[in-house]
Amino acid sequence: MRLFRFLGIFAAFAALSNPAVADADRVLVQSTTSTENSGLYSYLLPLFQAETGLRVDVVAVGTGQAIKNARNGDADVLLVHAKTAEEKFVADGMGVKRFDLMYNDFVLIGPKTDPDGVGNTKTLPEVLGLLSQGKAPFFSRGDDSGTHKKERALWQDAGIKLDPSGAGWYRETGAGMGATLRIAVESQGYTLSDRATWIAFAGKDQHEILFAGDANLFNQYGIIAVNPEKHPHVNTAGAQMFINWMLSKHGQDLIAAYTREGQQLFFPNAVGGAQTH
């Protein structure tokens, strides 16, 4: 009898400690700080749980780290905003299929005094050229996030070489979007932000959007189920239920309805509604 009891306790402990045992009542999402900072998940996830009975836990990190975590099997779903990296994730067999989910745009944030004079420019290359003169610091996230990937690509396209050592005008925070905005505001500097996080950010003080609207500042979000062939422990059914819900007309309508300060933060653009694999 004692042996059977010991074996039962051992089996229960093994199930809890074994990553190959999926939690059928939970969906683990690796996602971005921008979607978290915007408040989107606090709005959507209680609705999803009420309708499906499934709990969604979100790990909010930079896109690069989110993809690494998902590659390691620490996710059922990946929801990020770096399309090239997302497509590689699927091409490498780590994800089942990528879907466009929603979009917004990136915006340049700076002090209203605008020491670099970027608010008077009409093109993105002009903006970047003025920022590189270094009258005020520019704060990069420096965390391999989707925003950081976009920002570095913009400098590269403009032919501007950067010194990430922090000794000059270009400084990396190594932090999320909300923290980077706070540093930029406190230091009277500039930064690139997704529009949703900026709208939701409470500490704007004397900072504002100084440049926006360029086609190169488009910000697309994608959603991907982690491939169970690579990681058999993932909650495949739960992941698919969550993705279907987000891509459905109902989910897309809820995303469109989410506003802060009277402004829509994300614009749904899934094609064809709910999907199946």
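Q: How many helices and strands does the protein have?
A: Helices (H or I, at least four residues) and strands (E, at least two) are DSSP runs, numbered from the N terminus. This protein has 11 helices and 12 strands. The model is predicted, so local features need pLDDT of at least 70 and side-chain atom pairs pLDDT 80 or more, while totals for chains, interfaces and linings use all residues. Residues are numbered from 1 along each chain as its sequence is written, and side-chain values use heavy atoms, without hydrogens and water.

Q: What share of the residues counts as buried?
A: Buried means under 20% relative accessible area, exposed over 50%, and partly exposed in between (1.4 Å probe, protein chains only). Here 48% of the 277 residues count as buried.

Q: Is T63 buried or exposed?
A: T63 has a relative accessible area of 0%, so T63 is buried. T63 sits in helix α4, residues 63-71.

Q: Which residues is T63 in contact with, leaving aside its neighbours within four places in sequence?
A: Contact means heavy atoms within 4.5 Å. With those neighbours left aside, T63 is in contact with T32, V80, H81, A82, D144, S145 and G146.

Q: Where does S187 lie?
A: S187 lies in the loop between α8 (177-186) and β7 (190-194). S187 is partly exposed, because its relative accessible area is 32%. Leaving aside neighbours within four places in sequence, S187 is in contact with P137 and F139. The C-alpha atoms of S187 and P111 are separated by 9.5 Å, and these residues are 76 apart along the chain.
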